[in-house]
Amino acid sequence: MKRLPLPAFEVKDAVEQCAAGITIVERSQALLAALPTFQAAEATYKALAPAGQLFQIPTSDQVTPLLSGDLMGTIYKSHFARPGAPSRALYEAIRFAPPYGLCPMCGQRIVASVDHYLPQSLHPIFNLTPANLVPACSDCNKGKLAKFAQCAEEQTLHPYFDDLGNERWLVVDVRETAPPSIAYRVRPPAGWSPVLAARVQHHFKVMGLAELYAAQAASELADISFSLGELAKTGGPASVRTHLQGEFASRHARDANSWKTALYEGLCASDWFCNQGYLLVR
Ligand SMILES: [Zn+2]
């Protein structure tokens, strides 16, 4: 999970620029007339999100009598995000914000679109609210963010508001199998609240991160097995371990909780892997 800065614009900018690109007069007027409603909702959102309390916002099927949920969906897709629309630059500022184009939800796959943290179908009032618009890969996007959270623990992590800090929390178990297998899990640091620990576990599960990272780790092991074998020929298991420790330090310096950091930490800590496990990689 990668934290991102909150977009540098507000729902006022999004509504006004979106309305400027709408040629259907009644529609753009209805949108502009609802601006105070959008702004009040945005203030509530920004007050609740840092405390992890967005689940408390009641669902609705309209913004105002003239702006139904369905119409808000059309406005988002056909006006706000439309290529060439005045508001498209705002959409793209969110879409292209993550470094290297990596999805903030999984940290691995490439961003495919902008998604609504609180789903459009349940919260049309936040369709154009920048704080609710997050870049996501298609796998993290599909269905996973649209689940309805009934309590704080059922909320996935929000890339603008949830900060997990730099303490190590993503760890692996190196399983002594042939080939070696790597199992990822969340190990909540002592300083996390029970709710945060539950949310991270929930996020990890619904985004399928254990499976995603295990597959990446298996591929990484296949990539490094030849060079580990060459190191062992001259320096034995001690050389293998020293090399893996260096790889861990380098990954950790960039990201304390990437799947690679966790992988190399687990590998260099495993006597079995450094002595013989590396020989079993296929
Ligand atoms: Zn993702």
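Modeller: This is a predicted model, in which local features need pLDDT of at least 70 and side-chain atom pairs count only at pLDDT 80 or more, while totals for chains, interfaces and linings use all residues. Residues are numbered from 1 along each chain as its sequence is written, and side-chain values use heavy atoms, with hydrogens and water left out.

Colleague: Why are H1 and H2 called roughly antiparallel?

Modeller: Helix H1 (residues 11-20) and helix H2 (residues 25-33) pack at about 170 degrees, their axes 9 Å apart. Angles over 145 degrees count as roughly antiparallel, and H1 and H2 are therefore roughly antiparallel to each other. The axes are lines fitted to C-alpha atoms over the stretch in contact, and angles between N-to-C directions run from 0 to 180 degrees. Helices (at least four residues) and strands (at least two) are DSSP runs.

Colleague: Which residues of H1 and H2 meet?

Modeller: Val15, Glu16, Cys18 and Ala19 in H1 meet Ser28, Leu31 and Leu32 in H2, where contact means heavy atoms within 4.5 Å.

Colleague: What makes the arrangement around the zinc ion tetrahedral?

Modeller: The protein donors are the SG atoms of Cys103, Cys106, Cys137 and Cys140, lying 2.3 to 2.4 Å from the zinc ion; donors are N, O and S atoms within 2.8 Å of the metal (3.2 Å for Na, K and Ca). Four donors count as tetrahedral if all angles lie between 85 and 135 degrees. The 4 donor atoms subtend angles of 98 to 114 degrees, so the arrangement is tetrahedral. The donor residues follow the spacing C-x2-C-x30-C-x2-C.

Colleague: How do you know that E5 and E6 pair?

Modeller: Two strands pair if DSSP finds at least two bridges between them. Strand E5 (residues 170-175) and strand E6 (residues 181-186) have 6 bridges, in the antiparallel sense, and Val171 stands opposite Arg185 in E6. E5 and E6 form a hairpin with 5 residues between them.

Colleague: What makes the peptide bond from Ala178 to Pro179 cis?

Modeller: Its omega is near 0 degrees. Pro179 lies in the loop between E5 and E6.

Notes. Parallel < 35°, antiparallel > 145°, perpendicular 65-115°, else oblique. Tetrahedral: all angles 85-135°; square planar, octahedral: opposite > 155°, others 65-115°.
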